[in-house]
Structure formats: C-alpha cells, structure tokens
Amino acid sequence: MRSVERRLGAGAVLAAALALACGGDGGGGLPDTGRNVVPVSADGALCGGNPGTYVNEPCVRVTVCSPGTQTCQTIDDVLLDTGSFGLRIFKQVLTVPLASISAGSGELAECVHFGDLSASWGPVRLAGVILGGEPAVEVPVHVIDATFSGRPPSCSNPDTDPASAGFNGILGVGAFAEDCGGACAASSNTGIYFACSGGSCSGAAVPVGQQVKNPVAALPQDNNGVVVKLPSVAAGGAPSADGTLVLGIGTAQDNAPGAVSVLDLDGSGEFRTSLAGKSFSSFADTGSNALFFDPPGGVSLPVCASNPDWFCPPSAASLSATNSGASGRGSAAVAFQVASFDQLDKANNAVFPTLAGPGLGSGEFDWGLPFFLGRAVYVGLEGRSSPLGTGPYVAH
Amino acid sequence: MRSRAKVAPSWRAALAAAAVAVAGPASAGLGERAEAIAVDRRALQAEPGGAVAHEGYTVERMASPGHAVREFVSPAGVVFGVAWDGISHPDLSTLLASYEPEYRRAAAKPSPTGRRRRRVRTDHVVVETWGHMRSLHGRAYVPALVPHGVKIDAIR
C-alpha cells in the first residue's frame, strides 16, 4: 500500500503554485504572509460571487496539485471550517487531474453527512495541497460530485454545485486528523466510505491513512493545530472582515499562544458551555454562520416572526456564558450580544457579530463565526503536543 | 400544537398487523407496529440493543457502526418517535416509513447556507437534525401519535 501522507519534496511545486497565485487571478491586495499564514476573508475578496446571500462566511484560498507534479491550480471561495476535517472541492472547479484511490475492485468514494442533513458525495482522490507558504502535502481529498458512480440511497440530499452550496469547497481544519478515524477502519458499514465499480457502490472499511485527511496534520512543521484570528467587527456589522489562519501552535513567532484557557475536547470534538444555569455540549465552528442555541429559561430571545431561523429580540441582549473542557478542566468566560436579525443592515453589510438563532431542541451550543470575531481561537490537533498541551483542544 | 394524523393510529396498527400476518411488514419506523422494529434493524444493518421501559412509553435500541438508533413505542405498541446519534445519519427512508414521501417533499427546498441544523415540519411529522462531522444527531416524531403526558423532549 502506498503512503498517502508522503510529502512532496519539490520546492519547485511551491514555486509553481506561488507563480500561479501571483498570476493576477484576483489575489491582488492580500497582505504578504509568512510560511504558516493563510489569509482569511469573511465575505471579502476571497469569497467569490455570492455577496448578500451568505453572511458570516469565512473564505480561504487553497492550491491543489496533481500529486507528485507541478500541475497546480488555486481555488478561492473555500469555506474555512473548524467543524470538519479534510479538504473537499467541487468537481466543477477542479481543472487539474487527481489520482484515484483503489478500494475493493474499484475506487474509493465517500458520503459525509452534515448537521442539516445535507451530504457531500463523490470520490476520494490523492492531491498535493498547498496551504499558505507551506510545502505541498499529498493527502486524500474529497471531490464533491453528486453524479459520481452509484450513490447509495442513504446518501440523500447531496450538495450538487458551488452556486447552490455557496462555496467552491470546504477546508476542514478542526481538531482531528481524519474525517472519520478508527470507526471507518474497523467497519465497512458506517455509511461513510464506499468502494465503487461499474456504477455501483458498497460499504468499505478504509485504513485511517487512506481517509480524507486534514492537510494541517500532514505539514512538515506547524502540524499540531491552527489559530484562527479574525478582527473585531462593530455591533452593526461590516461588509467584510479580513484575518488569518495561522498554521501550527507555538511553532513560530506568529503562533505563540497568549494567555488563553485550554478546553479539552471529547471524542466528538465537543466541550461544555454554561449559560444562565443551563449546560450545553458545544463546539467552536467557523463553518456555522451564527451562534445557535436554545436560550435557557429566564433568557428571552424570541425568534423572528418573519424567519424562525433567527432571533429577533426587541433590543440587543447582552449575555455571558462560560466555556469549560469536556473533562471539566479549563474555564473561559465569553461575553456576547444577540441583536435582531430583522434590524441588521443586510443591504450594506455581510459580517454580523450579533447574529444568532435557535438550537432547534438540540441541547447544543454552536459557537459559530461571531465567536471568532475579535479573538484568537486555538484548535489543537488530536494527539499532537503543543505549548498548550496535547490535543484535541480548543483554547481562547 | 398537535396536528391530526393521516391515519387513525388504530387503523394504522391494524394495517401493520395485517401486513405482518400476510407477508411480514415491508417497512417499519414511524407510525408502524413495534413488532416491525426488527425490520428496521435489518434494513439499517444494526444490532439489537434491548428495550428500556419508561413511564408512558418504551425505548427500543439498536446500534450499527455508523449510528445508534432509538425507537419510541407507545403503550399501544405504535412507534411515535425515533432518535439517533452517530458519525452518519441513518437512512431516513427506513425510519420515517410512510411519512417519508411527505418529508421528502418538504425537505426538497435547499437548507440555508452556513447551518449545522435543520427542522422540517410537515402536516404530520417533524424531523430535526443537528451536529457536525463525527457527532451527528437527529430525531423525528409524529405529534399526533405521541402518547398523552409524554414530553417531546423525551424523544432523544
């Protein structure tokens, strides 16, 4: 079995990619960055063509190469997602050939499900992936292609195209190195990985090393996690907000941890949040575009008459929650505001720090993008050591 | 607020019982007889996890490598709710049974971008899902079939 984590030693690949990146394809105006810095724009220059329809969307640029070659392309409007693991790119935007991975008598494919019951379906392929100024790493990535081979019936509601999804792909940089892990290596019946041949697919057990991999975990350095740094945004919102995804924790000057509380995560990537006496399981997720939770008794946050997806308090509510680790260790207060969705200036702005909506009975506290505005959030990878301890953890 | 069930539970139960008697149930899940849960289990390739009695209802458990599923059964022996947790969502066509087409029509409208949760409410069934990669959850129930005195939040 070939290694799928082999790093591309060729500096030439990086040089070629940088040449592409600087080739006038819209990258003008981005700040010069160090080796381990990936620019992030929330609803800004990197978000492509969906203004006004997708608020609080953090976008990055990723370079994808045919494995082992200098044939590369840069892809903008990739959703930065600390709530998933691995790189997923829509087939429609891929122009460089990627290598299939054999499974059974056919090739490997995957169905990943999301909380909203949508899914991404398509083949798993090997690609060289370049983040910021790092060397290319060769990892399995997911090509989102709803039409690929014989999609199983359990993989319903697949994402079909970038326009309806609102992005060209998803860069999952959460606290785990693979999107499934041991469960998908042990069983062919998880509903996630499949072997496809002749237009039909059946469940497949897949070694961890062939699973779609968080590319951060494959970096030669800076491979123990990430720091998401986004600026504060005024309560009324802003048209866009530019920040950075810094690769590594305590591996360079720009990612040396400040004074933060470390919240250890359970096997599902969750910590705890308490708000007004109610305890939630919670997660920190740049891929959720608001805070989502069901308010405890005593906290009045009515949903909007016009749209039950959002809260519409008559005046902005100031709240304070406390995050703690899954094991109970660590404690960090978070003050936040919730304002009325109906009163946001959506005609002029797209980044809103006060946007929140109901948890739909989930018992979860989903710390979406507003949580990340104005604070550095550290996401420590499972099993990797750092000055903040061994992951998985979130620290802020 | 409760909505009216498509079919009175007793008639539904009788139909399900007749199906068992004649050819075995073709499908099970919401609104079907508890006896048909074994059919769900086979369809989901899950192992039985036993039954736990609560006041006013019974929970039948099953587990597969992708998810753990719980079916909530009324004293009359009818499945009024299902709930699940796992690394994948179960095949809802199995668990929603005869309510699946109604759900599918309502869910056809794309989910808004940027969400990790969704509620689909039709005239007869409510389907709620939430979570993120490696930790997905959901539940579905038929409000008109939930036994009197059982709280919706018991369906977990």
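Okay, let's start at one residue: leaving aside its neighbours within four places in sequence, A:Cys196 is in contact with A:Gly106, A:Glu107, A:Ala109, A:Ser149, A:Gly150 and A:Cys201. By contact I mean that the C-beta atoms, placed from the backbone, lie within 7 Å.

Quick housekeeping. This is a predicted model, where local features need pLDDT of at least 70, side-chain atom pairs count only at pLDDT 80 or more, and totals for chains, interfaces and linings use all residues. Residues are numbered from 1 along each chain as its sequence is written, while chains are lettered from A and ligands numbered from 1 in the order in which they are written.

Back to the cysteine. A:Cys196 sits in strand β11 of chain A, residues 193-197. Strands here are DSSP runs of E with at least two residues, helices are runs of H or I with at least four, and both are numbered from the N terminus. So is A:Cys196 buried or exposed? Buried, because 25 other C-beta atoms lie within 10 Å. The cut-offs: 20 or more other C-beta atoms within 10 Å is buried, 12 or fewer is exposed, and in between is partly exposed, again with C-beta atoms placed from the backbone. A:Ser105 is 91 residues away along the chain, yet its C-alpha atom is 7.8 Å from that of A:Cys196.

Zooming out to chain A. It has four helices and 24 strands. The radius of gyration is 20 Å, close to the 21 Å from the globule rule for 396 residues, so chain A is as compact as a globular protein of that length. That radius is taken over C-alpha atoms, and the rule is 2.2 Å times the number of residues to the power 0.38. Along the principal axes, the C-alpha trace spans about 60 × 45 × 40 Å. Of the 396 residues, 56% are buried, and among contacts between residues at least 6 apart in sequence, 70% join residues at least 24 apart.

Confidence next. Chain A averages a pLDDT of 91, with 91% of the residues scoring at least 70; pLDDT is the predictor's confidence in each residue, from 0 to 100. Residues 1-32 stay under 50, and the model has 51 contacts beyond four places in sequence for them.

One sheet in chain A: seven strands, open, ordered β20-β19-β16-β17-β22-β18-β21, with mixed pairing. Pairing needs at least two DSSP bridges between two strands. The edges are β20 (331-338) and β21 (356-357), each pairing on one side only. Inside that order, β18 (residues 291-292) and β22 pair in the antiparallel sense over two bridges, and A:Leu291 has A:Trp367 as its bridge partner.

Now chain B. We get four helices and seven strands, running α-α-β-β-β-β-α-α-β-β-β from the N terminus on. Buried residues make up 48% of its 156 residues. The seven strands form an open antiparallel sheet in the order β1-β2-β3-β4-β7-β6-β5, with β1 (47-54) and β5 (117-121) at the edges. In chain B, β6 (residues 126-132) and β7 (residues 135-141) pair over seven bridges, and B:Val126 is bridged to B:Tyr141.

Last stop, where the chains meet. How many residues does the contact take from each chain? 42 from chain A and 30 from chain B. On the chain A side, β7 (106-113) and β22 (364-367) each supply at least two residues. By class, that side has 13 nonpolar, 21 polar and eight charged residues. Here Ala, Val, Leu, Ile, Met, Phe, Trp, Tyr, Cys and Pro count as nonpolar, Asp, Glu, Lys and Arg as charged, and the others, Gly among them, as polar.

How values were computed. Contact = placed C-beta atoms within 7 Å.
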